[in-house]
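Open the model in your viewer and keep the selection panel at hand. The tour goes stop by stop.

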Amino acid sequence: MKIILDTAHLEDIRKYNRIYEIAGVTSNPTILSRECADFFPLLQNIRQEIGDKELHVQVTASSCTEMLLEAKSIVNILGKDTYIKVPTNEEGIKTIKQLKHLGYKVTATAIYTAQQAMLAASVGADYVAPYYNRMNNLNMDSRQTITEIATLFKLHHCETEILAASFKNTNQIMDALLCGAHAVTASPQLYTQMVESPVIDHAIKEFYKDWASVYQDKPIYELK
Ligand code: G3P
């Protein structure tokens with residue numbers, strides 16, 4: 001099970017990389033545009049922060065020829081542990097196929113259906129990225145789609161992994177994992193929400209109170 005950060009915000013990446021065992025960072029043109037920074041310098045800073053962990057960077061061109069050129073410059077500058085994110089339409093499938101022949105790591109993105117995932121996997125994509133919340137917004141069944149992709153991959157001994165994305169709340173993340181996603185990428189604040197809440201705070205404060213009632217404020221390492 002892999003936890004990935006869906007952000008290009010350097011401070012968050014630094015902070016959450018220290019707390020959690022993150023597998024890497026995903027980005028897309030929208031996420032990068034929020035940082036108002038130069039493309040490669042920003043990504044190079046992220047690369048420096050995460051070392052050789054996965055960095056997923058999306059191409060912006062629409063033709064196969066140009067996507068291949070973009071992929072080449074992305075990997076030249078950011079290293080071989082960079083996954084090229086390619087939107088999964090027909091030109092994208094053609095691009096993924098060629099990228100895999102050239103030895104690149106590829107994430108097939110903008111996945112809304114099991115059919116897209118199947119075709120991306122058939123040309124060797126390393127990951128497929130189904131968009132959980134965006135599917136829900138279209139009244140599509142995200143749980144069923146991810147379950148179908150997971151079943152399909154298992155049934156056909158497919159090495160492609162499911163990297164579920166597009167989450168607006170923590171339940172969606174858990175759902176995706178329970179449906180068989182191998183990895184999830186989400187805004188770091190959603191991971192915080194999973195472990196920070198008034199009920200958890202309350203339980204912890206009660207323990208402090210009960211401890212202090214007998215041992216005052218002494219920590220265990222000062223006791224004999
Ligand atoms: O990176 C792709 C995915 O995370 C998009 O998410 O929130 O724009 O639907 P969102």
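Select Thr 95 in helix 5 (residues 90–101). Helices here are DSSP runs of H or I with at least four residues, strands are E runs of at least two, and both are numbered from the N terminus. This is a predicted model, where local features need pLDDT of at least 70, side-chain atom pairs count only at pLDDT 80 or more, and totals for chains, interfaces and linings use all residues. Residues are numbered from 1 along each chain as its sequence is written, and side-chain values use heavy atoms, with hydrogens and water left out.

Is Thr 95 buried or exposed? Thr 95 counts as buried because its relative accessibility is 0%. Buried means under 20% relative accessible area, exposed over 50%, and partly exposed in between (1.4 Å probe, protein chains only). Now show the backbone oxygen of Glu 91: a polar atom of the Thr 95 side chain lies 2.7 Å from it. Contact means heavy atoms within 4.5 Å.

Move to the nonpolar core, a set of buried Ala, Val, Leu, Ile, Met, Phe, Trp, Tyr and Cys residues joined through side-chain atoms within 4.5 Å. The largest has 56 residues, and Ile 46, Ile 84, Val 128 and Phe 167 have the most contacts inside it. Helix 4 (residues 64–78) gives the most to this core, with 7 residues. Centre on Ile 84: among the residues it touches, not counting those up to four places away in sequence, are Val 57, Ala 71, Leu 99 and Tyr 104. Another core, of 6 residues, lies apart from the largest one and includes Ile 4, Ala 23, Tyr 83 and Leu 163.

Now the rings. The structure holds 7 aromatic pairs. Rings of Phe, Tyr and Trp (its six-membered ring) pair if their centres lie within 6.5 Å; planes under 30 degrees apart count as stacked, over 60 as edge-to-face, and the rest as tilted. Select Tyr 83 and Tyr 127: the ring centres are 5.4 Å apart and the planes are at 50 degrees, so this pair is tilted. Tyr 83 sits in strand 4 (residues 82–87) and Tyr 127 in strand 6, 44 residues apart. Tyr 83 and Tyr 127 are both buried.

Last, switch to cartoon. A closed barrel of 8 strands runs 1-2-3-4-5-6-7-8, with parallel pairing. Two strands pair if DSSP finds at least two bridges between them. Find Val 128, which stands opposite Ile 162 in strand 7.

Conventions:
Polar contact = N/O pair within 3.5 Å; in protein donor to acceptor, adjacent residues only side chain to side chain.
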